[in-house]
Amino acid sequence: MVIEQDVKLSDGRTLRTYDSGGPGPDGPAVVWHHGSPQTGAPLEPLLAAAGARGIRLVSYGRPSYGGSSPLPGRNVAAAAEDVARIADALGVESFAVMGASGGGPHALACAALLPDRVTGVVCLAGIAPYTEDFDWYEGMVSPGGLRAAADGREARELYAATDEFDPACFTSADFAALAGAWASLGADAGKAGQAGQAGPDGLVDDDVAFATAWGFDLAEVAAPVLLVQGGLDRVVPPSHAASMLAALPNAELWVRPEDGHVSVLDTCPSAMDWLLARS
């Protein structure tokens, strides 16, 4: 049974957390970082994969998502302190981190800034830090939100007022995944889902954080990192994984040539096995 609770922080904010329980304090634990936008509620395939492996799965809503308090001006690095406080509240000392899409950068932040606690990282279809070393937007079907975010929060808010999802962002494999195993993701993230109904603030803050300085360097991530990338991803193109692979000191890349942005999540069980082998 998943336990949902609000963790209160010293600055008065609260973070909505989810804990699958399972092994004792010394058992393997994984903190999941959700995509943009989602509520942070654990998705059924993740719970099933974690349960089958004896992994305690913890997830949470980033600020302005899923009942968590806002944190105006947050950068990617801010996730590390929030996760440290969640882990303290739940009695989790060391843990691995996994993040998909917009969750990938936040998982990497935890590894960089909590080196004594994070045992490994999985980053699926994760966006890379903004750089001019390559065309960061090339291959994105709908980069308008990130382009606006690079001009600041006000510009990103204005864009959100008229933004509409472009179905061309997803491949046929992505739509099949959303109709099947990952239906819980679509129900959570879509306009009719809880994340969509909550308004754009979480996504706006995420995009501004992605398109500006993250607050840490990838070179600071000492833990082993697994990058998983769909070759047909039209949301976060393969060039982002290649850029991170070059910058991370201890990383490997799994390329899934026929996968898009959502279908690549089918690798999560194998990625959990990869983490267990390094815990």
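Rings of Phe, Tyr and Trp (its six-membered ring) pair if their centres lie within 6.5 Å; planes under 30 degrees apart count as stacked, over 60 as edge-to-face and the rest as tilted. The model is predicted: local features need pLDDT of at least 70, side-chain atom pairs count only at pLDDT 80 or more, and totals for chains, interfaces and linings use all residues. Residues are numbered from 1 along each chain as its sequence is written, and side-chain values use heavy atoms, with hydrogens and water left out.

**Exercise 1.** Find the aromatic pairs, and state which residues ring pairs link into a cluster.

Solution.
1. Searching the whole structure gives six aromatic pairs.
2. Phe-165 and Phe-170 are a tilted pair, with 5.1 Å centre to centre and 55° between the planes.
3. Trp-214 and Phe-216 are also paired and tilted, at 5.8 Å centre to centre and 45° between the planes.
4. The cluster linked by ring pairs consists of Tyr-130, Trp-136 and Tyr-137.

**Exercise 2.** Determine on which side of helix 1 the buried residues lie, and what they pack against.

Solution.
1. Helix 1 spans residues 44-52, and its buried residues are Pro-45, Leu-46, Ala-49 and Ala-50 (buried means under 20% relative accessible area, exposed over 50%, partly exposed in between, with a 1.4 Å probe and protein chains only).
2. These residues cover an arc of only 125° around the axis, so they are on the same side of helix 1.
3. The buried residues of helix 1 pack against strand 3 (29-33), strand 4 (56-60), helix 7 (183-189) and helix 11 (268-276); contact means heavy atoms within 4.5 Å.
4. Turned away from the buried side is a face with the exposed residues Glu-44, Ala-48, Gly-51 and Ala-52.

Conventions
Helices (H or I, at least four residues) and strands (E, at least two) are DSSP runs, numbered from the N terminus. The arc is that of the directions from the helix axis to the C-beta atoms.
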